[in-house]
Amino acid sequence: MTAVNAELTRAIGAAIRPSSSKIDFSHRAVDRCAFNPSFEGRSLQAVGVTGAAKNRVFAMGNGSGSGDGSSGGLTYKDAGVDIDAGTELVRRIAKMAPGIGGFGGLFPLGDSYLVAGTDGVGTKLKLAFETGIHDTIGIDLVAMSVNDIVTSGAKPLFFLDYFATSHLDVDLAEKVIRGIVDGCQQSDCALLGGETAEMPDFYAEGEYDLSGFAVGIVKKELFIDGKNIVAGDVLIGLPSSGVHSNGFSLVRRVLDRSGLSLKNQLPGNGLTLGEALMAPTVIYVKQVLDIIGKGGVKGIAHITGGGFTDNIPRVFPKGLGAAIYNNSWEVPPVFKWIQDAGNIEDAEMRRTFNMGIGMVLVVPKEVGRRIVEDGEHKACLIGEVVGTEGVSYL
């Protein structure tokens with residue numbers, strides 16, 4: 001072990017000592033919802049992990065425009081993200097590993113399933129490099145995996161990370177890992193270990209890449225798979241903190257076009273653009289498991305790349321779709337700025353960003369009423385299940 005890796009291991013060891021402190025990001029969530037009755041190698045130990053299933057969820061939107069910029073409005077494809085290539089890769093992988101496509105991979109273990117997920121934070125890292133905000137990007141990393149696996153009703157057990165850089169800056173790496181520790185504390189899972197890769201000449205000076213891996217467990221009898229969803233069930237949305245960790249290739253293109261910097265103030269908000277865009281992804285594990293424990297949850301969708309348009313239908317049985325109630329929640333100012341500055345069509349926004357709702361639960365109407373009216377969790381009635389496939393907006 002090199003001296004710098006030894007120093008980083010020491011710093012991490014101090015960071016993950018048990019703590020009773022609780023981190024509350026609830027103030028970042030939108031608080032305006034109501035139930036409308038009219039709507040019927042860095043290792044602490046040597047760790048080896050094998051997975052029987054792979055979660056292939058591509059952080060992409062499907063541009064509603066032509067992608068050539070002819071309409072003047074930006075699309076995800078304009079920003080370099082090609083949905084067609086991603087779809088083709090998924091099709092090829094499905095031939096080799098049938099059954100992929102869920103939010104988490106399943107591995108049967110006695111009367112339970114182990115549920116595994118892996119993800120990164122994409123080009124949000126570019127904004128971390130530009131703003132110097134490195135202490136919350138680890139929260140994003142944990143959130144992207146644990147939010148995926150909780151959609152099946154699984155409680156996260158442990159998390160591992162991969163940190164790669166050209167030259168190891170111990171102080172910077174410690175900030176990143178502290179964010180990962182924070183994320184693990186928020187989701188009640190153990191940071192079991194990870195890998196630090198120092199690869200000279202591979203990354204630009206001062207830059208790094210991250211990926212993470214989470215494993216959880218759920219009893220087979222409690223596994224949530226959406227099979228019991230019927231027309232007339234309602235959609236309950238849990239507010240996001242902002243952009244979360246998807247769509248940043250398009251965000252950065254919008255920022256370039258706007259002529260503004262990350263230090264400029266976000267219109268209609270007291271934050272700078274950098275602060276608003278770097279707001280850490282909400283970790284929904286505790287609130288979702290609490291809601292599940294009270295019964296009635298039939299399906300859950302994590303709203304990441306693909307937005308409502310691609311993610312909500314993934315939990316429905318064939319023949320069903322979603323009708324989303326326009327204006328049933330407050331869209332955060334950051335999305336209004338992105339759309340205005342990039343001249344982005346509504347359909348493109350809805351298929352790229354979460355638009356202020358980071359998790360959607362499918363429940364019977366009476367359960368939805370209870371969730372919203374008891375006020376224990378910030379939640380909005382945002383739509384209903386209908387007998388036509390796809391996502392429409394009312």
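Before I count any partners, I note that two strands pair if DSSP finds at least two bridges between them. I also keep in mind that this is a predicted model.

Entry 1: I began with strand β10, residues 380-386, where 6 of the 7 residues are buried, so the strand is largely enclosed by the rest of the structure. I then looked for its partners and found that strand β8, residues 321-324, is joined to β10 by 4 bridges, with the two running antiparallel. Within this pair, glycine 321 stands opposite valine 386 of β10. Strand β6, residues 234-239, is likewise joined to β10 by 4 bridges and runs antiparallel to it, and here I noted isoleucine 236, whose bridge partner in β10 is leucine 381.

**Entry 2: the whole sheet.** Which order do the strands take in the sheet? I read it as β7-β9-β6-β10-β8-β11, an open sheet of 6 strands with mixed pairing. The edges are held by β7 (299-302) and β11 (390-393), each of which has a single partner strand, so one side of each is left without a neighbour in the sheet.

Entry 3: Helix α12, residues 365-373, lies across β6, β9 and β10 and runs at about 25 degrees to β6.

Entry 4: Which residues of α12 are buried? I listed Lys365, Val367, Gly368, Ile371 and Val372. These residues cover an arc of only 155 degrees around the axis, which puts them on the same side of α12. I reminded myself that an α-helix has 3.6 residues a turn, so residues three or four places apart point the same way. On the other side of α12, I found Glu366 and Glu373 exposed. The cover over the buried residues of α12 includes β6, α8, β9 and β10. Last, I noted that α12 is followed by glycine 375, which has a positive phi near 70 degrees.

Terms used: Residues numbered from 1 in each chain as written. Predicted model: local features only at pLDDT ≥ 70, side-chain atom pairs only at ≥ 80, totals over all residues. Heavy atoms only, no water. Buried < 20%, exposed > 50% of the residue type's maximum accessible area, 1.4 Å probe, protein only. Contact = heavy atoms within 4.5 Å. Axes fitted to C-alpha atoms, helices over the stretch in contact; angles between N-to-C directions. Arc of directions from axis to C-beta.
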